[in-house]
Amino acid sequence: AAVVGGLGNRHLGNVAVKSLTTGALFVACALSWPIFLGFLGGTAEAHVVPVLHWVQSGTLAFDWALRVDTLTAVMLVVITTVSALVHLYSWGYMEEDPDQPRFFAYLSLFTFAMLMLVTADNLVQMFFGWEGVGLASYLLIGFWFKKPSASAAAIKAFVVNRVGDLGFMLGIFGTFLVFNTVSIPEILVRAPSMAGSTIHFLGTQWDTMTILCILLFIGAMGKSAQLGLHTW
């Protein structure tokens, strides 16, 4: 009876966790579509929602803020719609697994990190979402940690992503050095004025915008497994 009762409690717990995470994703999805349709119909404009004051250190200052523009609206729909369907599909896929609460927590963490990434208003906030995606990838790849193959794959993904992160961090440092800001809108406004300028890097003069874009792209290469960083 105790065993049956324990199994019953575990089943109810699993259902509660799945219902909460999946339901929250479908609510987020339902909220994302009107934003996207507003931009699609031309009735919405880009805006920033301040959340909190984050860092003030010398000339380096930035807040935690959520930026919603056309690109963000598209990505919000893609992320929330796909993630909601993945959560729902996982009900059946993970039905026999005893660690369903942990799996759905990792899956929701992944979605949260992606949303933080695409709504970032500055490069440091974007890096937070970037690292969150890397952490969630590591946790999901190594979910069945008792399997040596899963643990090895998770470690490989972690190491390869750190290579990409190094490029991304150098890109952020270089961008702040050149523009004296990490605010994405301010960088985009000032970028045309840097056309034709050069910067000293690794003992060589480089075109400023070219080297900054390459460094930032190395981060994307790591996360999306491209061009040499695909091995994970």
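Predicted model: local features only at pLDDT ≥ 70, side-chain atom pairs only at ≥ 80, totals over all residues.
A residue is partly exposed when its relative accessible area falls between the buried limit of under 20% and the exposed limit of over 50%. Arg190, at 34% relative accessibility, therefore counts as partly exposed.

Arg190 takes part in a salt bridge with Glu186. The closest N and O atoms of this pair are 3.2 Å apart. Both residues belong to helix α6, and because they are four residues apart there, about one helical turn separates them. Glu186 has a relative accessible area of 36%, so Glu186 is also partly exposed. Side chains of opposite charge can pair when their charged atoms come close. The count of salt bridges comes to two. Arg67 and Asp69 form a salt bridge as well, with the closest N and O atoms 3.4 Å apart. Asp69 has 18% relative accessibility and therefore counts as buried.

Arg67 is also among the contacts of Thr119. Thr119 sits in the loop between α3 and α4. Its relative accessibility is 7%, so Thr119 is classed as buried. Beyond neighbours within four places in sequence, Thr119 contacts Ala65, Leu66, Arg67, Thr72, Leu76 and Gln125. The Thr119 side chain also reaches the backbone oxygen of Leu115, at 2.7 Å.

Helix α4 covers residues 123–141. Its 19 residues, at 1.5 Å a residue, should span 27 Å. The end C-alpha atoms are 26 Å apart, which agrees. Asn122 caps the N-terminal end of α4. A side-chain oxygen of Asn122 lies 3.1 Å from the backbone nitrogen of Val124. Buried residues of α4 include Leu123, Gln125, Met126, Phe127, Trp130, Val133 and Leu140. Gly129, Gly132, Gly134, Ala136 and Ser137 are buried too. The cover over the buried residues of α4 includes strands β1 and β2, together with helices α3, α5, α6 and α7. Leu139 is also part of helix α4. Leaving aside neighbours within four places in sequence, Leu139 contacts Tyr106 and Leu109.

Strand β1, residues 47–57, supplies the largest share, three residues. Trp54 lies in β1. At 35% relative accessibility, Trp54 counts as partly exposed.

How values were computed. Residues numbered from 1 in each chain as written. Heavy atoms only, no water. Helix = DSSP H or I, 4+ residues; strand = E, 2+ residues; numbered from the N terminus. Buried < 20%, exposed > 50% of the residue type's maximum accessible area, 1.4 Å probe, protein only. Expected span 1.5 Å × (residues − 1). Contact = heavy atoms within 4.5 Å. Polar contact = N/O pair within 3.5 Å; in protein donor to acceptor, adjacent residues only side chain to side chain. Salt bridge = Lys/Arg side-chain N within 4 Å of Asp/Glu carboxyl O.
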